[in-house]
Amino acid sequence: MKLYCLLVALIVGIPNGSVAVAAEGEPKPVVLFDGKDTTGWHQAGPGKFDIKDGALTGHGGMGLYWNEKEFGDFILELDWKTTDKGANSGIFVRFPDPKNDPWVAVKQGHEIQICDTEAHYQTGAIYSFKNPTEIASKPVGEWNHYKIKVVGQHYTIELNGKVVNEFDSPDRPVKGRIGLQNHPPTDPPNVYFKDVKVTELPAKAQAASTRAALEPVNEKGKLEPGLVGQYFKGVAALDAVPANAAPFLVKIDKNINFKSAEGQFNKTKLTNDFQARWTGFLKVEKAGPHTFMLRSDDHSKLYLNDQVVVDNGAWEVQKDHEATVELKPGVYALKVDFQNGPGQSQCQLHWKQPGDSKAKSFKDGSLLHAKGAETAIKWDKKGWDEIKFARKDSGAPYDKMDYGPFVQATIKVDENNVTNKGIAIKVGKDHAGTVCFDTELLRYAGGWTGGFLDNHGVAFDGAHGVNPGPDGDVVFQSPAIVGFAAGIEPKSDPRGKPYGPLPREWGRYKGLYLNGDRTVVSYTVGDREILETPTLVMAGESGVFLRTIHVEASDKPTLLLVANEDAAVAVLLSPGLEQKAANGARWAIIPANSKAMTHRIAVFPQAAERFAKKLVAQDEVDKAPDLTKLTQGGPARWTKPVETKGELGKDDAAYTVDTLTAPEENPYHSWLRFGGLDFFSDGRAAVSTWSGDVWIVSGIDDKLEHLKWKRFATGLFQPLGLRIVNDQIYVLGRDRITRFTDSNKDGEADFYENFNSDCQVTPSFHEFAFDLQTDSAGNFYFAKAGPVRPGGQGWEIRSDHNGCVLKVSKDGLKFEVFATGVRAPNGMGIGPGDVITVGDNEGTWTPACRLSIVHKGSFLGVVDLSKKDPVPTAYDPPICFLPHGDVDNSSGGQVWVTSDKWGPFTNRLLHMSYGTCSLFLVSYEMLDGVPQGGVIRFPLQFAAGICRARIGPKDQQVYVAGLRGWQTTAVKDAALQRVRYTGKAVKMPSTFSIKPKGVEITFTTPLDSVSAVDANNYSVEQWNLHWSGDYGSAEYSLADPKEKAHDPVEVTKAELSADQKTVLLTLEDVKPVMQMKIQMKVKTADGTAMDYSIYNTINKVPGKSETAANEKKPATTQAAAVR
Amino acid sequence: MNAVNEWVAKPVVAIALLLGMFCCGAAIAQAQAAAPAAAGALAPGLKLTFTSNGVMDSRPARLIALSVPANTPPTPFLQPGAFTATWEGLVNLRIRGEYTFLPVGAGGVKVLIGEKLALATSGDDFTKVKSEPVKLTKGKNRIRVEYTSPERGDAIFRLYWSERGAAEPVPPGVLTHDASDAGLRTKLTMHEGRALFGELRCVRCHVDPYPGAMEKKLEGTGAMITPGMPELWKDAPDLSNAGARLSERWMAAWIANPRALNPRAEMPRLFKDPQPAADIAAYLATLAIPIAPDPRDSGAPQVVSGARLYANLGCIACHTPPDYVGADPVIPARIPHEHVAEKYTRKSLRSFLKKPNANFLFVRMPDFRLTDAELDALVTYLYRKPTELLLPMPQGDVDRGKQLFAATGCLNCHGPLESQPAVRGASLAELGKFKALGGCLAADPASRKTGPDFTLTQDQRSALAEFVAGDTTSLRRESSIEFAERQYVQLNCAACHPRDKQDDVWSGLSKEIDALFPGHASEESNGKQFAPDQSRPSLTWIGEKLRPEWMAQFVSGHVQYKPRPWLRARMPGFLAGSTNYSLIAEGFALEHGFPARSPDLPKPDQELAEVGRKLTGKNGGFSCVQCHAVGAQKALAPFEAPAPNFAYVAERLRPEYFDRWMMKPQRVLPGTRMPDFADSEGKTALKNVFDGDARKQFDSIWNYLLEGTKIQPPP
């Protein structure tokens, strides 16, 4: 302990030498900031802190600069000064780890205010709780000294030697972090902090939870590391395991540290209703109080010497309990029981040994078991081995599907080895194993034998919050670092965060070639072109992973990452290559050479060494195929097109829906869910599927009797956008835009070219990349969803690109963020004049679904994804919002009717609903550059959540494609349908326009002059929404914004135009409003009854300056805390 | 804006009016709401007038529906037997429409819109009538519905209408009536007086001439009710061990002025001076080993989990937290918790929370089935207030207190129900004769003399006076519709549940909850798997929706599972110690025009059930399993909209409601996450099953759901 303090003192330095190392047992100050070192400090939220003249000063905002050390009772001392009378800042104490959210400190900790001029709370205040007795701060520019003492819930604030505040806190945490605020306006910086130090005081309140001392047990046998884990199936409640039940699985677990996750728990194949029991011993080294922290989902109990120490058994109460026990050095019997019901599972045990300020996990040697204890337990090991390696037989579509030779995805080899843009490539005879190639770091993240992917994830088994990982035994891994270099020294990752591409000139993934079973990846390192193909050769039980690498000539050597430093794994290189150890990994150096060469690298378990040697011998390398010859396409794989018969709509109306029956049954069990659609010039269509395929549909004619479906490509990363340019297919996956080449013209792609992969991808399950459109200049656009948390609220990792509309130049070389602030924008449209539209889904900062026009730089409403500093307080007003009950809970894309063969709607915008499987006519107008409009639903039903549409090049009709994920009324997993104009008269409202005193509605047909002018036949109501960080919004009255109600709007007059097609409704009042519903029950001149509703938004009233409520400040739920 | 819209925009006031006039059972709670309505003011619902044997009674009704079991009176002021019921008021529409009225039931029925006869039929089965559509205009339409019960047997009547697509009961949201109607006001005064008479336990002192009423034996531990007003058997807290539960200091303050500590107190103030209160408290404290409040510690970690529970279980919807400062924005005012630590010991508080009805069967506090850990957390939280707030009281004298306790009639209420009152007030017959506002009904302390002070409003005093001069035999009769409505107010259902256009109290308290439990908002958004909507079910259609047998079990806390397991809220058990809870369920059923008992669940048609199973699945179905759990199978991807388990649907829901719900959920519960699968033509997008006929498809699903807990998920 003493040593530790000395070290702290040495590392951080002690200013002025004023505090000597104190005697054991006395409080010792910890210097958090000494003028130079900001180790342990982090910025949460907007802005940042810099060091200026030895002091910390923040700008931007509002954010929090916090220190990761946690304190219970303490004295915090620091100096601060302001350079501006109105400067505003504060010191936060006792808040939990804020991650990236400064509001955690506001809401959960306390702020000691710095601001002499603030209206409610001034310097010395406990912000929003208690004002100081006096303002004791010195004049602007002079240094002040704060001494903040916090004991239990009692706060004493001393400023420049005067106690200015004594405060007893209500229920706030009794421990936590310390942080400084950067509160705007902070430009130029106007508050400075220095000499930040904390003296931790001995805790007082913990005695209550300390238990009676326990005595060590007398354990004589040999102890080995790890606990014996027993896993029981079908256990519905904690402690409900029958006494004589045999476990389903027994294994040694080094630690109990399983973070919250969905699906399989700790590689046990168990997900729900199971119990884990860990038994063994705890080795204690120091005498004194030991605190055990047990966190679980669902229930758990910790026993020491058969006594319950921590009980997480009560549901609905915080499942995160701790207890302190007095222990002596020695060994104690330890048992943890853990039960998981439905849903995610988690079980973590940490401890604090005497003197620890933070809870830690157990280091090796603390958790032990009696040697052989695991073998004494009876269980069905043979059965387990069968299950473990069994081919998937769940019958589920994601297990049945043949995904092709590889699958691109975010692949989690393990917790610390996530490949954001990975390719899982099947290798070996009979697909004996898999390797995962990382297309960003150009490394093999790992290799495993016994299976492919565990099919876990949103596009597979539907699980939220997870990504697929190995389904087999991982043989090797490599660290998630830059896996290559031109030269012989590893390069460090320049990106700051582990997303997005590395500099192109360093190296770049170019694409992959398919040739028979073989996948050949193509990339550059520096100026060197490289092709390589992974294979696996089994030597008995052990697999040798082999890389065959073709390098073009280069005058620089090339460094390639091979594998971790792992004693169980061996690496062999073919002659001429040199091995290197660096950064905890093993590397291969390919020398500079003047001609193309082929090399081999083998990675394998020690046992297969003899065999591996053979494989990398020069003879073998010479015999390796010429990889350049594999780039021109090999034999076709999916040779048999599937034929289906379409179904023509029978409706006796102007529009009817024809179905291009999808080949749900197909030889590859490919799970079809359409996410991209476009046409070739010859009338054939191409669709992409969420599970990774591209199919080409031919035979699209009037009758649809002989539709042919041919599988064209596979293994793409959730491709939800497809565009055909010059008859070449471009597909947007989450990882990249891929351009396809079919070199040998066999109807299948042989080259999956990386057209552009600049878009950052994080492991968030919800980061869908939607749609692919082009403007008249040939630039590509797509929309990327926000990293929504599992459950729909809030966000996971925010990158530079999630929640944006993104643009890629025609040649694929330039990538830019075009617009920001979208949440789940499942579809776009680009129309005449390059009008760009995007839909969005209700959720956080999206009070209801909305349809927006996008310009470069647009901010579309999701504050957390604005990528703007300062955070915007207004968003681009949308064309309209759409209420989730009546209209849509989940928007699709848009299409412009560029056809003149589709009834009276030429050059009109159509919008789709994924959630309610419906199609809308959009009417909008531009008023001083601000759009406003609304939608009218076509009375048509679609079989899936339609979200993509194109105009068929031959028949000029509207084709829609869609899928069923979740939250949709879809009855089919996939639908490709045609909305056909039958030539009959269209009888519906067509356009409408907001007038100073009402609304003008034009119909496609003349109206009956009696019913049209009867105001009784119209109903208008309106309501507002709250733009906030909540999930969606209730519907609020305009008249009384606190009431959840719709306001009726009196229709005082209805007038009909001379041509009887246009009605002018005079309304009692016309105001900007977020949502209006105009219902009409009128008759056409020929007596047909019509009942339609328009759902629209008014952003501006012609001739009035008032703007919509939605353009004002965000109605944040944190309003109370905002200064 | 017209008058109709005014009440639409101001539901709080409107509902208060409705409660004040009809649900006068909450007279004490609702004192401020009982003001007479301004002339021409509109209130929700219709005026419903009953006539039987030349006697007439009126009250408002939310619905055009009614069920009166044989041999029970349609209202307490009428005798059982044949009757007519007439609903009058306005149907308010936002757009004109053509509606077909569709009656269900037996007897005779006539529907008039304005002067126009929209429907007239009679017989054993109204559904046989073929009715023609009627034009209703935008805005107000006068409606009059006359229903004549059958001569004998159960009277059942529900009025549905349909515009396009499926029929629905005429929704309460479109109905209004003239709240100032003189005939209605007169009758409501009687209802209110009667309710107050029961609620305030008047019968405990003014017992004559009703020896019969008090002779009824009690059934087991529960009060036995029928026939007669259940509140007549309302007990009061048993004080035989008061000293072990309540602090002397608190008892003294309470007796001195109950409503100063709890605005909803039913106990009257008996003394003007503090001394006798202190004396009685001193005596009560000797009734067990006297206790003193425990010391408090404010830093315990359980305070946080207690605050969390206080928010998550909805304590905050009925109570203000111990450290609450300022005026309570909620109407009626919540019961404050500021004195909890001065009232109880930790142990006695824990016992009370664990079994709230241990000493008081009619206690309003329900049983939340709290676990030990929850009890610990809540007790720690409630008990931590560091300051003493009760005003100092004089030293009490035990002997004097004992005497006073007997002489003041405390045992009239606090003694055993079977016992004769120790202190008698005037008999009911005498009270009726006086009609003067003396004694307990006097406005000022001087005329009240020794009468207890119930702090009644002028209207409440006159209502009581009118009632005791009127038909007090009505105490021997009851309509469970009215009882259920009184309990709706008494038990504060609206604290947690929305109904009609009225939001629940709880959902309006998010700011308070944020302050109470600062991590609350982030806890919600950090929800791991789901962050589903936490609102509680609406009670608008409750009597049509739930089978009364199941509802009774659920209301009393006897259902072992949580129908909505994702809710942090928990339905507690109400009136758990009494048998009255079944009357609440019965009352809601009758209000919606359904019999008090529902038929036993039929066996599913296996063939249809198989079709239904497939229809709920992902392959060839609506993929219901995405959001709904099926027995042991979890919902596949519920995201923010988890939904009830299929295994429990059939035992909970009436088939009539299920049908209506499935055909158009957005119409039944606007804004629900349950999507509409049927279009306005009654077709679904699944054309290959029953030709897309939604009703047939949903009927198959119902048959599948009838498998109940044996249900197997679709393939």
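# Helix packing and loops in a predicted model

Chain B contains 29 helices and 15 strands, where helices (H or I, at least four residues) and strands (E, at least two) are DSSP runs numbered from the N terminus. This is a predicted model, in which local features need pLDDT of at least 70 and side-chain atom pairs count only at pLDDT 80 or more, while totals for chains, interfaces and linings use all residues. Residues are numbered from 1 along each chain as its sequence is written, chains are lettered from A and ligands numbered from 1 in the order in which they are written, and side-chain values use heavy atoms, with hydrogens and water left out.

Student: What percentage of the 715 residues in chain B is buried?

Tutor: Buried means under 20% relative accessible area, exposed means over 50%, and partly exposed lies in between (1.4 Å probe, protein chains only). By that cut-off, the buried share of the 715 residues in chain B is 59%.

Student: How are α19(B) and α24(B) oriented to each other?

Tutor: Helix α19 (residues 480-490) and helix α24 (residues 581-591) of chain B pack at an angle of about 115 degrees, with their axes 7 Å apart; the axes are lines fitted to C-alpha atoms, for helices over the stretch in contact, and angles run from 0 to 180 degrees between N-to-C directions. Angles under 35 degrees count as roughly parallel, over 145 as roughly antiparallel, 65 to 115 as roughly perpendicular and the rest as oblique. The orientation of α19(B) to α24(B) is therefore roughly perpendicular.

Student: How many residues in the contact of α19(B) with α24(B) are nonpolar?

Tutor: Contact means heavy atoms within 4.5 Å, and the residues that make this one include Ile481(B) and Phe483(B) of α19(B) as well as Leu583(B) and Phe588(B) of α24(B). Ala, Val, Leu, Ile, Met, Phe, Trp, Tyr, Cys and Pro count as nonpolar, Asp, Glu, Lys and Arg as charged, and the others, Gly among them, as polar. Besides three polar and three charged residues, the number of nonpolar ones is eight.

Student: What is the angle at which α27(B) and α29(B) cross?

Tutor: Helix α27 (residues 655-663) and helix α29 (residues 694-705) of chain B have axes that come within 10 Å, and the angle at which they cross is roughly 130 degrees. That value makes α27(B) oblique to α29(B). Residues including Phe658(B) of α27(B) and Trp702(B) of α29(B) make the contact, and the crossing angle asked for is roughly 130 degrees.

Student: Is Cys917(A) buried or exposed?

Tutor: Cys917(A) lies in the loop between β61 (909-913) and β62 (918-927) of chain A, and has a positive phi of about 50 degrees although it is not a glycine. Because its relative accessibility is 2%, Cys917(A) counts as buried.
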